[in-house]
Amino acid sequence: MKPLRIIDAHTHQWAVFADKRAMARFLDFNPEAAWLVLASDLQGGYYPNEDEVAASNSSTLAYMATFPDRISGWCYINPSHRSAVDEFRRGLDAGLIGLKLWVATRCSEAVTFPIIEAAIEADVPMLVHTWHKATGNLPDESYPMDMAEVARRYPEGKFLMAHFGGNWEFGLRAIADLPNVWADFSGTINEYGAYEMAVDLLGDTRVVFGSDLSADFWGNAGRVLQGGWTEETLDRIFRTNFIDLLAERDRPKFI
Amino acid sequence: MAKGAAGDIASVVDVQPLFDANLFCGSYPFRKLPGQSAESLAEVIAAARLSRCVLTPFESIFYRQPLEGLKPWLDAACTLPFKPLYWLAVNPLMPAWQRDLEAARRFSAVAGIRLFPRYHGYGLDHPALAEVAAAASSLLMPINLTARLLDDRLHPYPLRADDPLAMETVVELLQRSSQAPWVLSMFTMAELAVAAPMLSQNPNLYFDIGCSKPFEFWEDDIRALGAPSQIIYGTGAPLYYHLGNRISLSRSGFTATEKQAIFTGNLERMLSIDRRVAAAPV
């Protein structure tokens, strides 16, 4: 087996990684984690104001400047802000490589459409948090069916559904027939069968690796490795599927 | 999808012997899992490279007669690469639970009893639980208190569980029953942190951290709990992925001696208590 070179498409510089020394420690100890894509530190809680969103993106850019060969970033946006599209363009101009939506609005709401259209115009992927929780979603937290709805509305968009929709048996079915939706399983859900169902249902070209760092990197990577996939499939999940999602200008040349 | 051999743990970490404190088998009602037959279970054991294990048949959790869920597996064990031990689920609300406890004592392969309060519907202050704990304690029989089977957010509707166990009530229970060897299994790391001060008060208390979902830097989280000598490891397989967490612990900064203790030694020591008890008059 070739040495692992993993792109982690869904990470955060929060919790222990709010300290750059912890990030340096992680990167030094885990050369297999070749490239991390930060989805910001999500300042301001569920409904961040404009300053908090801007500060989150500035934080991501600061990590990119400190670890230029190992870290890139998503542009975090609260679509309800009047400045959302401007902030998004500021982020892309500074080097961020896609749009990150969390729980301030459901992705299928009309208020989200302008930022989605801006991402499509820029040819960048969109990382969309989704969950279907037995314990109940947050008021404006997207369900996998929201993801499916907006992906149907924008077939030219490139969507990455986070967490396989949380409840993955539900989430993966919701997007199975939508070729413009990829999925990552990032996070702490360790129940067996998720990657197996994803590869079965989506094929190995629409599954992207993410850990949700500071969730456990190897805990997540091991779920993929346990599957015993061919090296070709592993390389797709760990690396090339995400590279293919990126705009040509944003594709890493060194991985 | 064609599969290759890339899932070999040896590609990213040295393999260590593992005495799995939390392996499941049997029929899980809500999803098809490996391990439904002895033959399939042997494959799970081989894939996870287990050196020993303590098994919990799903049937013994969900049947009202837990022994009926356990007995077929006692017979099937002869086809496995080693003789497994078992947790016997006991429901304190069932009349004559003493019969189950007596059976647990009688079968040498039963390492201890296992409690699932959220699925069997009783609080940790229920008098019947106190009686079960006292009876097990008098036998020095290990008691595994299980916080959950699944992440709370994933429970299928028919398995809607009671609210998560309040850790204050867990601590109170442990204080009331400090003579018994206790294992806290499938608690989150944050929950275990609340009960962590109990480790120094009760040397017979063990935390199974295999399904506790630590964040990055396992060593820091586990050391913060204190007493690595009271940490054991259960995979939760095949309900859970077994490989990733094992890689994380293997690559952590614990010394080789500490890792050996967490992966095998601490559980062996805890169960030796049971062996002494099994030979003792009741």
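How many bridges join strand β6 of chain A to strand β7 of chain A? Three, and the two strands, residues 126–128 and 159–161, run parallel. Strands here are DSSP runs of E with at least two residues, helices are runs of H or I with at least four, and both are numbered from the N terminus. Two strands count as paired if DSSP finds at least two bridges between them. Along this pair, V128(A) sits opposite M161(A) in β7(A).

A quick word on what you're looking at: this is a predicted model, where local features need pLDDT of at least 70 and side-chain atom pairs count only at pLDDT 80 or more, while totals for chains, interfaces and linings use all residues. Residues are numbered from 1 along each chain as its sequence is written, and chains are lettered from A and ligands numbered from 1 in the order in which they are written.

Now zoom out to the sheet in chain A. It is open, with six strands in the order β4-β5-β6-β7-β8-β9 and parallel pairing. β4 (75–76) and β9 (207–208) of chain A each have a single partner strand, so one side of each is left without a neighbour in the sheet. Helix α5 of chain A, residues 144–153, packs on the sheet and touches β6, β7 and β8 (181–184) of chain A. Contact means C-beta atoms, placed from the backbone, within 7 Å. The direction of α5 makes about 170° with that of β7(A), using lines fitted to C-alpha atoms (for helices, over the stretch in contact) and angles from 0 to 180 degrees between N-to-C directions.

Leaving out residues up to four places away in sequence, M147(A) touches V128(A), F159(A) and M161(A), among others.

Next, look at where the chains meet. The contact takes 39 residues from chain A and 34 residues from chain B. On the chain A side, α7 (194–202), α8 (217–226) and α9 (231–245) each give two or more residues, and the largest share, nine residues, comes from α8(A).

After α1(B) comes R49(B), with a positive phi near 50°.

Key:
Contact = placed C-beta atoms within 7 Å.
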